[in-house]
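My notes follow the order in which I checked them.

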Amino acid sequence: MGEGQHEVTFGDGAHIVTNLLVGADGAWSKTKPLLSDAAPEYTGMSLVETYLYDSDARFLATAKVVGSGALFALQPGKGIQAHREVNATLHTYVMLTKSQSWFASIDFNDRAGAAACIAQQFACWSPNLTALITESDTELVWRTLFTLQVEHSWNRVPGVTLIGDAAHLSIPNGEGANLALYDGAELAIASRSDHLETALHEYELAMFQRSAREAAEGNEMH
Ligand SMILES: Cc1cc2nc3c(=O)[nH]c(=O)nc-3n(C[C@H](O)[C@H](O)[C@H](O)COP(=O)(O)OP(=O)(O)OC[C@H]3O[C@@H](n4cnc5c(N)ncnc54)[C@H](O)[C@@H]3O)c2cc1C
């Protein structure tokens, strides 16, 4: 293959050779190792996701506590973040600073048991808040938080680049999806350049700065 060309093999066995390989493949990117040895690290914190449906009719006190926007009930090492969605759905992320093995010991297929175990961490909290855990209408979903280092970057490698979480996996601060879309738009413009490698270099430099700013803010927020 020529300079800057990459061969991609798909799950169905098909192959392509491309002059521009874009890794848009998220946290566990298989493209990233072409550019960087950095591996995502566990932040020490995970989220557990729950939903309460039709809350105005079924859980009015909890619905009132969450209000019309978002609720953040936080203390060091733990917290409950909830926000209201359409049809009075309350969507919650319960945050806990616990090891992965602690979470792995919970049987998340047993909704009531898992809810009791997570709610136990908030034993002295108002039942109007813990209802967001114990009354979940869906299975509780454990979402680990992994990150790359705040200033993750690499030296230019011809013919390949990254966008989104593959490039800058960070603690969620509400900007991750925006950043991925922004990267994609900027890269689309760069890819039309007559001087592709120069344009990709400039794309990456701007992306490194943009994402490092947001990652630092996310760390500070958490
Ligand atoms: C719990 C949690 C809550 C979050 N909340 C928010 C929020 O409120 N707002 C916000 O902006 N961001 C939020 N984020 C961050 C946001 O989800 C990410 O930043 C965003 O999804 C990154 O988009 P992406 O396209 O780069 O990666 P992804 O969304 O991970 O997409 C990558 C895609 O590539 C696919 N893929 C991976 N490997 C391969 C392969 N080998 N072949 C084919 N396909 C592959 C994956 O299946 C996936 O569909 C949250 C993250 C977490 C963990």
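I counted seven salt bridges, taking a salt bridge as a side-chain nitrogen of Lys or Arg within 4 Å of a carboxyl oxygen of Asp or Glu. The model is predicted, so local features need pLDDT of at least 70 and side-chain atom pairs count only at pLDDT 80 or more, while totals for chains, interfaces and linings use all residues. Residues are numbered from 1 along each chain as its sequence is written, and side-chain values use heavy atoms, with hydrogens and water left out.

Entry one: D56 and R84. I found their closest N and O atoms 2.6 Å apart in a salt bridge. D56 sits in helix 1 (residues 55-58) and R84 in strand 6 (residues 78-85), 28 residues apart. Helices (H or I, at least four residues) and strands (E, at least two) are DSSP runs, numbered from the N terminus.

Entry two: D137 and R58. This salt bridge has its closest N and O atoms 2.9 Å apart. D137 is in the loop between helix 5 (127-134) and strand 8 (141-147) and R58 is in helix 1, so the pair ties together parts 79 residues apart in sequence.

Entry three: R156 and E204. Here I noted 2.7 Å between the closest N and O atoms of the salt bridge. Shared partners join R156, E197 and E204 into one network. E204 is buried at 1% relative accessibility; buried means under 20% relative accessible area, exposed over 50%, partly exposed in between (1.4 Å probe, protein chains only).

I located T92 in strand 7 (residues 89-97), buried at 0% relative accessibility.
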